[in-house]
Amino acid sequence: MRYDAVVIGAGMSGLAAGIRLAQAQKRVVVLERHSLWGGLNSFYKRAGRRFETGLHALTNYVPRGTPGVPLTRILRQLRIPYEALRLAPQKGSQTAVRLGSEILRLEYSNDFARMQGSVARLFPAEVVGFERMVAALPGYDYADAQALAVGARQRLGEFIRDPLLVQLLMIAPLFYGSPTEHDMSWAEFGVLFRSIHLEGMARPEGGIRGLLEVLLERYSKEGGELRMRCGVRSIRHERGRVLGVQLDDGSELETDQVFSSAGLVETRALCGMERAHDEADVGRLSFVEVCCVLDSLPETLGHDATIVFFSDGLPLRYQQPPDFVEPRCGVLTCPSNYLTTSPPQEGLMRLTCPARHASWVGLEPHEYAAQKERAVEAMLDSARIFAFDPRPHTLYRDAFTPRTIEHFTGHRGGAVYGSPRKSRDGRTELEGLSLIGTDQGLVGVVGTLLSGIGIVNQTMLRPTGGPR
Ligand SMILES: Cc1cc2nc3c(=O)[nH]c(=O)nc-3n(C[C@H](O)[C@H](O)[C@H](O)COP(=O)(O)OP(=O)(O)OC[C@H]3O[C@@H](n4cnc5c(N)ncnc54)[C@H](O)[C@@H]3O)c2cc1C
């Protein structure tokens with residue numbers, strides 16, 4: 001069977017790419033190995049309850065109609081009305097660091113003045129430097145080669161003298177998108193700081209499932225084809241050009257355009273073009289996440305922050321830990337702490353901490369379960385410090401590890417932000433094969449949607465037409 005384009009993966013980037021191609025009347029199929037769509041951003045059921053993976057917050061929140069920003073561009077390109085997302089803005093979030101017996105909390109919301117006020121209260125001598133830093137942030141286009149080459153910590157230090165404020169400002173951007181440990185480029189910092197702080201955070205009322213339904217409906221209305229439980233075993237090519245894909249069941253689809261959201265190293269493997277440096281290109285950052293279903297809403301337990309990025313002590317340990325999990329830093333979210341019009345019946349706390357993939361693989365089931373229990377208990381000790389202890393209120397809890405992430409997304413090492421090596425223009429060694437999503441270099445829900453749109457636009461929908 002012949003297609004104009006084949007998209008590998010029904011995650012955010014794959015669905016966005018599929019919609020754009022279908023809108024342009026291309027004969028397109030999105031192939032997904034699993035039985036559920038969404039990839040890193042998906043959902044599942046346990047004990048009669050629905051759980052989500054991925055979405056703590058949709059970054060880049062802006063009010064309807066805000067011009068020239070990623071969310072507006074995505075909705076316009078995908079022809080989705082703003083109202084369809086039913087976005088509930090955050091109440092307010094914080095970066096919290098325990099230093100000795102004190103917890104320092106940098107607070108922010110979707111009103112940037114709140115962050116400015118918090119910086120002024122905690123670091124009065126840094127107000128001018130902070131404003132200069134914000135004014136100097138690189139834009140969304142990664143066009144500044146210098147900003148890609150220099151580290152964010154170094155650049156922040158040129159504006160801000162107090163190293164404590166530099167450390168605080170790094171925490172949320174690192175957790176929300178850095179494929180590298182400890183630091184990121186100034187360009188990546190600019191994108192993430194804008195997405196989290198200058199724009200803001202929200203949650204679709206229907207959670208990730210609601211957002212995915214909007215995308216799937218759009219794709220199907222445009223006439224796109226989606227095949228679930230349909231993995232790609234290999235990408236066929238000859239003389240540097242793509243010919244098609246072979247599926248897990250051995251059948252073949254012909255095409256000369258493949259868009260892969262499988263990841264850089266994973267896509268090379270599909271092409272049979274492994275490289276000696278592939279191991280070094282596998283991302284090191286993965287996570288354990290626990291979701292606690294509570295008998296009360298967190299707000300009634302005295303916790304009303306939407307998201308808390310936390311670190312018990314400094315420097316921040318945003319790195320692959322030496323063993324199973326690093327419980328002393330992470331992200332804690334309470335989905336009921338959005339300004340929602342339909343508050344949930346049950347409370348929920350989600351807690352995510354860095355983890356070491358290699359520790360979790362190869363364990364026997366009983367050992368795996370015991371280690372998971374141990375990791376979760378250590379993580380919940382941190383929740384007690386930075387928010388509240390959910391354990392006395394927990395009706396049910398479930399956790400997943402880097403092993404789960406790898407199993408359900410195919411990303412080697414369970415690397416949530418993919419490889420440290422990115423292909424910013426989506427190009428690969430093969431004509432007709434483009435990377436989209438995480439390893440094209442845009443992360444998060446909004447970033448990967450943009451990636452799918454942007455790479456399809458530049459590859460197949462340029463006004464001049466024709467392949468690159
Ligand atoms: C715990 C956690 C918390 C997160 N929190 C947030 C958050 O709060 N806000 C935010 O914006 N982002 C968050 N993210 C990140 C966000 O989920 C990802 O950046 C984004 O979803 C990645 O989308 P993608 O399209 O690049 O890739 P993926 O979602 O990985 O999609 C790739 C898809 O391709 C499929 N696939 C792979 N290989 C094959 C093959 N050979 N054949 C067929 N199919 C294949 C996979 O099964 C998968 O469905 C979080 C992620 C995790 C795991």
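A residue is taken to be near a molecule or strand if one of its heavy atoms lies within 4 Å of it. Around the ligand there are 36 residues, and those that come nearest are S13, E32, N41, G54 and H411. The model is predicted, so that local features need pLDDT of at least 70 and side-chain atom pairs count only at pLDDT 80 or more, whereas totals for chains, interfaces and linings use all residues. Residues are numbered from 1 along each chain as its sequence is written, and side-chain values use heavy atoms, with hydrogens and water left out.

The class make-up of the shell around the ligand is 16 nonpolar, 17 polar and three charged residues. In this scheme Ala, Val, Leu, Ile, Met, Phe, Trp, Tyr, Cys and Pro count as nonpolar, Asp, Glu, Lys and Arg count as charged, and the others, Gly among them, count as polar.

Polar contacts are pairs of N or O atoms within 3.5 Å; within protein, one atom must be able to donate a hydrogen and the other to accept it, and residues adjacent in sequence count only if both atoms are side-chain atoms. A backbone N or O atom of L40 is found 2.8 Å from an oxygen atom of the ligand. For H56, a backbone N or O atom lies 2.7 Å from a ligand oxygen atom. A polar backbone atom of G444 is 2.9 Å from an oxygen atom of the ligand. Taken alone, the ligand exposes 1000 Å², of which the protein buries 97%. Accessible areas come from the Shrake-Rupley method with a 1.4 Å probe, and for residues only the protein chains shown count as cover.

Secondary-structure elements are DSSP runs numbered from the N terminus, with helices (H or I) of at least four residues and strands (E) of at least two. Two or more residues of the shell around the ligand are given by each of α1 (12–23), α14 (402–409) and α15 (444–460). The largest share, three residues, comes from α15.

The chain is assigned domain 1 (5–59 + 207–280 + 419–460), domain 2 (105–195) and domain 3 (284–409), with bounds from an automatic or database domain assignment. The ligand lies between domain 1 and domain 3, because both give residues to the shell around it. The C-alpha centres of domain 1 and domain 2 are 31 Å apart. Contact (heavy atoms within 4.5 Å) is made between ten residues of domain 1 and eight residues of domain 2.

Q319 is located in the loop between β15 (307–312) and β16 (329–333) and counts as partly exposed, at 24% relative accessibility. Not counting residues up to four places away in sequence, Q319 touches E181, H182, L285 and P354. Its C-alpha atom is separated by 21 Å from that of E373, 54 residues apart along the chain. The loop between β15 and β16 also holds P315, which is joined to L314 by a cis peptide bond with omega about 0 degrees.

S296 is placed in the loop between β14 (286–294) and β15, and its relative accessibility of 18% makes it buried. The side chain of S296 makes a polar contact of 2.8 Å with the side chain of D295. Leaving aside residues up to four places away in sequence, S296 touches L301, G347 and H393. S336 occupies the loop between β16 and β17 (347–355) and is buried, with a relative accessible area of 9%. With residues up to four places away in sequence not counted, S336 touches K91, L297, P298 and P344. G362, in the loop between α12 (357–360) and α13 (365–386), counts as exposed at 73% relative accessibility. The C-alpha atoms of G362 and L226, 136 residues apart along the chain, are separated by 33 Å.

Most residues other than glycine have a negative phi, and most peptide bonds are trans. Phi of A47 is positive, near 50 degrees; A47 lies in the loop between β3 (43–46) and β4 (49–52) and counts as exposed, at 56% relative accessibility. Phi of N60 is also positive, near 65 degrees. N60 belongs to the loop between β4 and α2 (70–78) and is buried, with a relative accessible area of 4%.

Key:
Buried < 20%, exposed > 50% of the residue type's maximum accessible area, 1.4 Å probe, protein only.
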